[in-house]
Amino acid sequence: MHNKPLGYIVFGIDDKTHAVQGTSFRFQKRKEGNSELELWIRRLLTPSIKFEFFPCVYEGHYLEVFKIPAAVGEPTHFKNTPYIRFGSSLTELRKYPQYIKAIYNSQDDWSAKIIENATIKDLDREAISLAREKFKEKMTGKPFFDDIDYWSDETFLDKAKITLNGKITNTAIILLGKPESSHYILPSVAQITWKLDTEEKAYEHFEIPFLISVNDVLKQIRNVKYKFFPSNQLIAVEVQKYDPEVILEALNNTIAHQNYSYFSRIIVTEQTGKLIFSNAGNFFEGSAEDYTTGNKTPQRYRNRWLADAMVTLKMIDSMGYGIHKMYKSQMQRFFPLPDYSKSTMDEVVLEI
């Protein structure tokens, strides 16, 4: 409510005088039932918030400090109930709809933020050219279709919702930026790591521009032919081990939905019988199961500007069909369905 990025709780300070007294409370030694207190709290907080804990000694007194990020975009719930504190009083947030509205209107879209010192020269020429091709494919039939080839790069990038009024955004750097331009988004990270975890071990890092890098990651994955006999059939069916469209769908989803405030890279792990995609941040709206039938359409995105740009470049769709298409592809090929069961509050993990 005060537009501050962080709040703090300090154990060991007198509430009235603010004198340093120390505390006998030990957060990391406390339990709730048979569970560690920290794990218990984090498990019951939704959406997951990355609060931090710091024990310290000040003037000979032991203190415990909790650093807590502000609720942005939606209220934080504990046991599915949102709360608000007025002084020493804690009450349900539902009694104060004006504050609920303020929180929902506070969504901070990192992907739309402008990088003042960056220019179009920091974008990769090949990536811009490819983006224009993808944009034309997407806009077939639009009244302005014949004009696209005559637009300047600056006009095209604005029309494709990659730049904002000619200004370079974080989205522009992620999708089209030169590798050496990645410093503009620090401390956030835009990197995909492919890791081979079989009898052989290998890895490779893929930098921006992600519009090109996703195809480089796809080429790295060993997609051999796979032969099997479907039920009640005597003739073998031969297919690729992985559907390339499923790989790209999964990979592009990690880019679109990554929580870049976690300063983490995207990881693709290739094992003998499966691919594992992991990205920072939980599902922003609903769960994976909500999207399996293709009937749910997300109303909000963590990275709205980035998602919109990726839609115009045909990297993802905006109707929530991506997960459904992956399920359908695996089912039609008689392979196990995509598995999100190893996801946590801080990470989405997809196994194919």
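Q: What should I know about the numbering and the kind of model before reading any feature?
A: Residues are numbered from 1 along each chain as its sequence is written, and side-chain values use heavy atoms, with hydrogens and water left out. Because the model is predicted, local features need pLDDT of at least 70 and side-chain atom pairs count only at pLDDT 80 or more, while totals for chains, interfaces and linings use all residues.

Q: How many residues does H7 have, and what span does it reach?
A: Helices (H or I, at least four residues) and strands (E, at least two) are DSSP runs, numbered from the N terminus. The expected span of a helix is 1.5 Å times one less than its number of residues; H7 has 14 residues and reaches 20 Å from its first C-alpha to its last, close to the 20 Å expected.

Q: Is H7 mostly covered or uncovered?
A: A residue is buried under 20% relative accessible area, exposed over 50% and partly exposed in between (1.4 Å probe, protein chains only). By that criterion H7 is mostly covered, with 10 of its 14 residues buried, among them Ile247, Glu249, Leu251 and Asn253.

Q: How many cavities does a search of the whole structure find, and what lines the largest cavity?
A: On a 1 Å grid over the protein atoms alone, a cavity is a set of points where a 1.4 Å probe fits but cannot get out, a pocket is an open set with protein on both sides within 12 Å along at least five of seven lines, and lining residues have an atom within 4 Å of a point. Grid points are joined across faces, edges and corners, and a volume is the space filled by probe spheres set on the points. The search finds 2 cavities of 30 Å³ or more. The largest cavity holds about 410 Å³ of space, and of its 25 lining residues the closest to the centre are Asn253, His257, Phe283, Tyr291 and Ile323. H7 gives the most to this lining, with 5 residues. The second largest cavity has a volume of about 30 Å³ and is lined by Arg42, Leu45, Ser48, Ile49, Met345 and Asp346.

Q: Which residues lie nearest the centre of the second largest pocket, and how does its lining divide by class?
A: For the classes, Ala, Val, Leu, Ile, Met, Phe, Trp, Tyr, Cys and Pro count as nonpolar, Asp, Glu, Lys and Arg as charged, and the others, Gly among them, as polar. The second largest pocket, with about 490 Å³ of space, is lined by 23 residues, of which Leu248, Glu249, Asn252, Lys314 and Met315 lie nearest its centre. Its lining divides into 10 nonpolar, 4 polar and 9 charged residues, and here too H7 gives the most, with 5 residues.

Q: What takes a positive phi in the hairpin of S8 and S9?
A: Strand S8 (residues 81-86) and strand S9 (residues 89-92) run antiparallel and are joined by 4 bridges, with Tyr83 opposite Glu92 in S9. The hairpin has 2 residues between the strands, and Gly87 takes a positive phi near 60 degrees.

Technical notes
Pairing = 2+ DSSP bridges.
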